[in-house]
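Please read the points below with the sequence and the model open beside you. They go from charged pairs to strands and then to the core.

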Amino acid sequence: MSFDRRELIHLLTFAAGSGIAGLDSPLAEAAEAVTSAESSQTMEKVLGIGGLFFRAKDPVSLGRWYKDHLGIALTPTSHADQPWRTEAGVTIFSPFPEASHYFGDPKQMWMVNFRVRDLDKMATQLKAAGIAVDIDPKVYPNGRFARIHDPEGNPIELWQPAG
């Protein structure tokens, strides 16, 4: 069984939010195993992502780029500064095969996906700043996607959820 990555994310998002009993697939079997394990004991779970840490050739400049173009507040330098606050929403956590070409350059070990309210407005804003934006023309059941790269070549996926 083969899925486009975005279709898989949609399926996983759907499966996480609804009963999938009766589906005859490896995903359904895995979900049943997780459900069985959860019913036998209560597992403590993480609440969300508390930070994203990665190496950069020029951390100061790269941090400024993320702040200026994507509105991500930098790490506070005092108790008076506020950290970046995200809006509640789904977060997909998905390790990929080492040989995946989805991120682009095979040396890239990570890719972040940011939810956006209006993909077209974000793309216009980024293009006006001279940033190349590749909008996926396909509209998926879970929304629309675009790809950009930060100044150090790290892939960034922008996602406008459906609805």
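1. A salt bridge is taken here as a side-chain nitrogen of Lys or Arg within 4 Å of a carboxyl oxygen of Asp or Glu. By that criterion the structure holds three salt bridges. The model is a predicted one, in which local features need pLDDT of at least 70 and side-chain atom pairs count only at pLDDT 80 or more, while totals for chains, interfaces and linings use all residues. Residues are numbered from 1 along each chain as its sequence is written, and side-chain values use heavy atoms, with hydrogens and water left out.

2. Arg 117 forms a salt bridge with Glu 87, with 2.9 Å between the closest N and O atoms. Because Arg 117 lies in the loop between β1 and α4, and Glu 87 in the loop between α3 and β1, this pair ties together parts that are 30 residues apart in sequence. Both Arg 117 and Glu 87 are exposed (exposed means over 50% relative accessible area, buried under 20%, and partly exposed in between, with a 1.4 Å probe and protein chains only). Helices (H or I, at least four residues) and strands (E, at least two) are DSSP runs, numbered from the N terminus.

3. Asp 120 forms a salt bridge with Arg 144, the closest N and O atoms being 3.0 Å apart. This pair links distant parts of the chain, since Asp 120 belongs to helix α4 and Arg 144 to strand β3, 24 residues apart. Asp 120 is partly exposed, with a relative accessible area of 40%.

4. In the remaining pair, Glu 157 forms a salt bridge with Arg 147, and their closest N and O atoms are 4.0 Å apart. Glu 157 sits in strand β4 and Arg 147 in strand β3, 10 residues apart. Is this pair of Glu 157 and Arg 147 buried or exposed? Glu 157 is buried, and so is Arg 147.

5. Two strands are said to pair if DSSP finds at least two bridges between them. Strand β3 (residues 143-149) runs antiparallel to β4, to which seven bridges join it; Ala 146 stands opposite Leu 158, and His 149 has Pro 155 as its bridge partner. In the hairpin of β3 and β4, with five residues between the strands, Gly 153 takes a positive phi near 90 degrees. Strand β2 (residues 134-135) pairs with β3 in the antiparallel sense over two bridges, with Asp 134 opposite Arg 147. Strand β1 (residues 112-115), by contrast in direction, pairs with β4 in the parallel sense over four bridges, and Val 112 stands opposite Ile 156.

6. Six of the seven residues of β3 are buried, so β3 is largely enclosed by the rest of the structure. Strand β4 (residues 155-161) is mostly covered, five of its seven residues being buried.

7. A nonpolar core is a set of buried Ala, Val, Leu, Ile, Met, Phe, Trp, Tyr and Cys residues joined through side-chain atoms within 4.5 Å. The largest has 18 residues, of which Tyr 66, Leu 70, Phe 114, Leu 126, Ile 148, Ile 156 and Leu 158 touch the most other members. The elements giving two or more residues to this core are α3 (59-70), β1, α4 (119-128), β3 and β4.
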